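Open the model in your viewer and colour it by chain. This tour goes from selection to selection and says what is there.

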Amino acid sequence: MELMKSENIVQDRQPQPQEEEEIMQQEEEEEQRFHVLAVDDSVIDRKLLEKLLKASSYQVTCVESGEKALEYLGLLHHSSPASSSSQHHHQGHKVNLIMTDFSMPGTSGYDLLKRIKGSSWKDVPVVVMSSENVPSRISMCLEGGAEEFMLKPLQLSDLHKIQAHLLKSLPHS
Amino acid sequence: MDLVQLQRQFVDYRTSLYHEGFLDEQFTQLQELQDENNPDFVVEVVSLFFEDSERLLNELARALEQQSIDYKRIDAHVHQLKGSSSSIGAQRVQKVCIAFRNYCEEQNVEGCLKCLQQVWHEYSLVKTKLESLFQLEQQILTAGGSIPM
């Protein structure tokens with residue numbers, strides 16, 4: 001399977017009257033470009049994570065807080081929205097993986113994790129990152145549904161672990 | 001100085017920064033991420049680090065001047081500084097932050113003030129050294145050479 005060159009822009013797709021075959025083909029092509037939502041309150045870590053992900057050919061959207069992430073996913077003001085045709089699509093936003101820092105002011109990475117797992121986005125793998133190696137924190141996140149807990153600072157080699165989770169999450173492979 | 005000499009000076013200088021503990025392997029990771037599509041990546045990230053650090057250091061100074069010290073707030077700032085210094089490989093800054101957080105936990109104002117001084121000092125040192133490193137890089141590029149990995 002080929003991963004296409006990443007772009008930084010997530011385009012809002014307007015629903016158009018199309019043949020069903022065309023829609024499926026378009027979705028299949030889109031599915032092949034993994035889109036990662038990266039959440040971190042540190043501007044430095046956002047820049048680093050964005051580069052790491054782009055260097056691994058993923059499409060990236062960075063947000064600076066748990067609230068912004070919830071807003072992006074459409075979870076901020078209302079409860080779980082109805083699922084659309086594909087489990088990873090909502091409001092034109094496709095998200096294959098969410099990577100979030102643990103310690104953030106306001107909505108923490110853990111809060112975000114729980115909200116996601118209690119929503120229509122629950123099947124999207126969530127990776128929690130932290131600069132602190134606290135065993136109780138790690139088990140709490142894993143028990144909360146995180147796919148992986150990663151120690152910062154992240155390196156390119158850490159992204160290989162991510163790839164396995166992304167491939168696992170593909171509906172057709 | 002000719003190009004080869006400049007390049008050698010650059011490599012020696014960079015090596016010394018690792019040996020003296022100013023930089024660690026995370027800085028190497030930053031360099032590895034830089035490519036033709038993003039030739040200024042390292043300088044950009046490091047510049048963000050400088051801005052962010054100065055903001056945090058000023059906040060820390062202010063917080064430690066207060067009549068009633070908010071140790072939670074100070075700890076939060078030091079945690080941020082520890083994180084960002086770790087992300088760019090500024091090892092000596094990161095180490096002082098660890099000690100700083102311990103003093104916060106003990107609510108030891110003298111220890112905190114001492115650490116603030118130390119962290120400013122380490123920050124200033126690494127800033128100067130990175131600026132020198134980038135200057136050497138620029139000289140190499142201007143002379144038409146490439147930066148040795």
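This is a predicted model: local features need pLDDT of at least 70, side-chain atom pairs count only at pLDDT 80 or more; totals for chains, interfaces and linings use all residues.

Now widen the selection. Phe100(B) belongs to the largest nonpolar core, which has 62 residues. Those with the most contacts inside this core also include Leu53(A), Met99(A), Ile74(B), Val119(B) and Leu130(B). Which helix gives the most to this core? H3(B) does, with 12 residues.

**Stop two: where the chains meet**

Show both chains. Here 21 residues of chain B are in contact with 16 residues of chain A. The area buried between them is about 1600 Å², and carbon and sulfur atoms give 61% of this area. Select Gln29(B), Leu33(B) and Leu48(B): together they supply 30% of the area that chain B buries against chain A, more than any other three residues.

Next, look for charges. The rule finds three salt bridges across the interface. One to zoom in on joins Glu44(B) to Lys47(A), with the closest N and O atoms 2.8 Å apart. Seven residue pairs are in polar contact across the interface.

Finish with the chain B side. Helices H2 (25-33), H3 (41-65) and H4 (71-88) of chain B each supply at least two residues of the side that touches chain A. Colour that side by class: seven residues are nonpolar, eight polar and six charged.

Key:
Residues are numbered from 1 along each chain as its sequence is written. Chains are lettered from A and ligands numbered from 1 in the order in which they are written. Side-chain values use heavy atoms; hydrogens and water are left out. Contact means heavy atoms within 4.5 Å. Buried area is the accessible area (1.4 Å probe) that two parts lose on being put together, summed over both. A salt bridge is a side-chain nitrogen of Lys or Arg within 4 Å of a carboxyl oxygen of Asp or Glu. A polar contact is a pair of N or O atoms within 3.5 Å; within protein, one must be able to donate a hydrogen and the other to accept it, and residues adjacent in sequence count only if both atoms are side-chain atoms. Helices (H or I, at least four residues) and strands (E, at least two) are DSSP runs, numbered from the N terminus. Ala, Val, Leu, Ile, Met, Phe, Trp, Tyr, Cys and Pro count as nonpolar, Asp, Glu, Lys and Arg as charged, and the others, Gly among them, as polar. A nonpolar core is a set of buried Ala, Val, Leu, Ile, Met, Phe, Trp, Tyr and Cys residues joined through side-chain atoms within 4.5 Å. Buried means under 20% relative accessible area, exposed over 50%, partly exposed in between (1.4 Å probe, protein chains only).
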